[in-house]
Amino acid sequence: MLMPHTHPAMQFHHALPYGAILHDGGVQFSVFSRSATGMSLLLYGDVNDTEPDEVIRFNRETDRWGDIWSVFVPGVGAGQLYHFAAEGPFDPSIGQRFDGKARLIDPYAKALAGTFQPGKDDIIRPPKCVAIDDYFDWQGDRHLRRPLSETVIYEMHVKGFTCSKTSGCEYPGTYLGVIEKIPYLKSLGVTAVELMPVHEFPIRDIHGKVQKRPNYWGYDSMAFFGPHRGYAASSEPGAQVVEFKQMVKALHQAGIEVILDVVFNHTCEGNERGPTLSFKGLENQVYYMLTEGGKYYKNYSGCGNTVNGNHPIVREMIFHCLRHWVHNYHVDGFRFDLASILSRDRHGNLAPNPPVVEAIAEDPMLADTKIIAEAWDAAGAYQVGSFGDLRWAEWNGRYRDDVRRFWRGDPGLIGPFATRLAGSSDLYQRGGRAPYCSINFVTSHDGFTMNDMVSYREKHNEANGEDNRDGDNNNFSDNYGAEGPTRRKAIEELRLRQMKNMIATLMLSQGVPMLVSGDEIRRTQKGNNNAYCQDNEISWFNWQLVEKNKELLRFVRALIKFRRDQPTVRREDFLTGVARTDDALPDVSWYSPLGTAVDWRSTDLTLICLLKKPDAEHDPKGQGRNVLILANATTVSREFILPPIAKGLRWRLFCNTAARPNSDIFPNYDGPPPPPSGRLMLPHHAMCVYLSQE
């Protein structure tokens, strides 16, 4: 049995900040707990130790300031391993879950080491906290501050990007592995990587065993301040801190920003049947939303519990965390998973002006960062178009659905498709927001890959072990004649054409495009639309596809370059459809395939869009070109007649999704002109784009 004692040389230095803070001659350990009756600090000498070397009991009279327990321990420093243990009332009927034997992760721990360790007793031994020295030689690195309107986002998984043997990396599946593949990211042309969760989450289960269904995606937060130790090349405690900074620094040197997918909506402690690892054992009533007097957990996350984000203590923790990642890790922005939970008050009701959402937008330390909301949650809240204020951008789920349905051939989608192409003014303009508040995407980590969206009509999640009950049933996908892989040439040609259609639409739309890692090379998950637990080839990036599908990769690279070069398709103000002078083009005009006015009530799926280049004020480099888009989402070839307004301009083909390789896109904007007659046949399921010549 552990015998706590008072450290002979303890003295008070600072009650704040929270966590393990290095000072000359020792470390200050500070933690919040309002209801604890006793607090202890457990110090370990080695990551594999199951028992602490020393237990330091906080003196309630001298080591407690308000609700903050703080003690200075001399003679220890960076790399010190520790846990907290809190004594207090255990009464689950009112939400009190103190357990003096539980070893607790510091909510402000900057790194964890090791994993869960099995023991002979019933005490769960979670990964150990590590005291960290934040110093790193950044060599002048700062945030890149790229305007959101000029951003092209690449959503990727740190491990999955290089874990496959096909990557050829020296450090596969790690932060250092990402550095090795920066040349690929640069060649693709993306300006930001959006990393799926890198906050600490469990590698093994609480019994120290390999999980049957591991949380590969990482949406299972265990410590918000620490980079995931499983993505470090070195096993040295705290090595992940340095390696993550090395990755950010290298990406910045390549002109690529880093956006973190953060999960402040739930933790890995689960519901009332879950383990006590950190927050439950320190102040359960504060950190979580509870119900029935505190006996049960509200579950707006779909993962067992809900973080009480608008409680002042939790709100403070979230701010400290975001600032920590911005200041100590130089990250350029955040994507907030299930962000609508942050709009819920302490009772779970959606609040009109949620404090945490407003404060994130107003926080001065975050002023240079991008803040992006997944504006819904698992309990039915859907706030796309209405989340936050002018600073907030959103994953536009309406964009995803309308673009998928249009190209699939669903009737009545001309109007919605045009609205999404033009920046979703129906969602953002009325609130005074800009087109770049719309993060446009057709696919994300959650759902089918681009390849699978045109290869499967139904989800195939049997490998997840949940009898195919998990995952969304509404995918707006099609297989075009065969479920899954096929050798039928006509089907394969149509699938490739549809992928080009949707990626071209994505890069031509006003707003901010987000491409999912691997969609540019036809990565497949074999029909699995919920691969959260597939830490294997189903989820990993297969680098052999870079060569196998080089035609699509070439197409995507050219589109991304076009997007970055052309202010015409990334305006900072909404299109009006109005010409400034009698002889000028409107900034956008829409036509039927006959070149006449569009009947927006039509069930037809053909459309012509003419985008006027910006004026000199909004295009100081003079790079802008007029863009003419012809779209045919029907199942038959259609004749298109260029509208009279377009006949006075000289046009060159930029891309034709139905054309053969090397004729499908012209990166130098030097494709053939349209027929002199102004009439051309556009095959079924095809998009054709022309650019004006000066």
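Predicted model: local features only at pLDDT ≥ 70, side-chain atom pairs only at ≥ 80, totals over all residues.
Started with valine 331: I looked up its neighbours and found that it touches His143, Phe244, Val258, Leu260, Trp325, Val326 and Thr369, leaving out residues up to four places away in sequence. Contact here is heavy atoms within 4.5 Å.

Residues are numbered from 1 along each chain as its sequence is written, and side-chain values use heavy atoms, with hydrogens and water left out.

Val331 sits in the loop between α6 and β19 (333–336); helices (H or I, at least four residues) and strands (E, at least two) are DSSP runs, numbered from the N terminus. I find Val331 buried, at 0% relative accessible area; buried means under 20%, exposed over 50%, partly exposed in between (1.4 Å probe, protein chains only).

Next, Phe244. I listed its contacts, among them Tyr175, Leu195, Pro227, Trp325 and Val331. Tyr154, Phe244 and Phe336 have the most contacts inside the largest nonpolar core, which has 159 residues. Such a core is a set of buried Ala, Val, Leu, Ile, Met, Phe, Trp, Tyr and Cys residues joined through side-chain atoms within 4.5 Å. The element giving the most to this core is α6, with ten residues.

Last, the helix pair. I have α4 (residues 239–253) and α6 (residues 312–329) packing at about 70 degrees, axes 10 Å apart; axes are lines fitted to C-alpha atoms, for helices over the stretch in contact, and angles run from 0 to 180 degrees between N-to-C directions. Val241, Phe244, Lys245 and Val248 of α4 meet Trp325, Asn328 and Tyr329 of α6.
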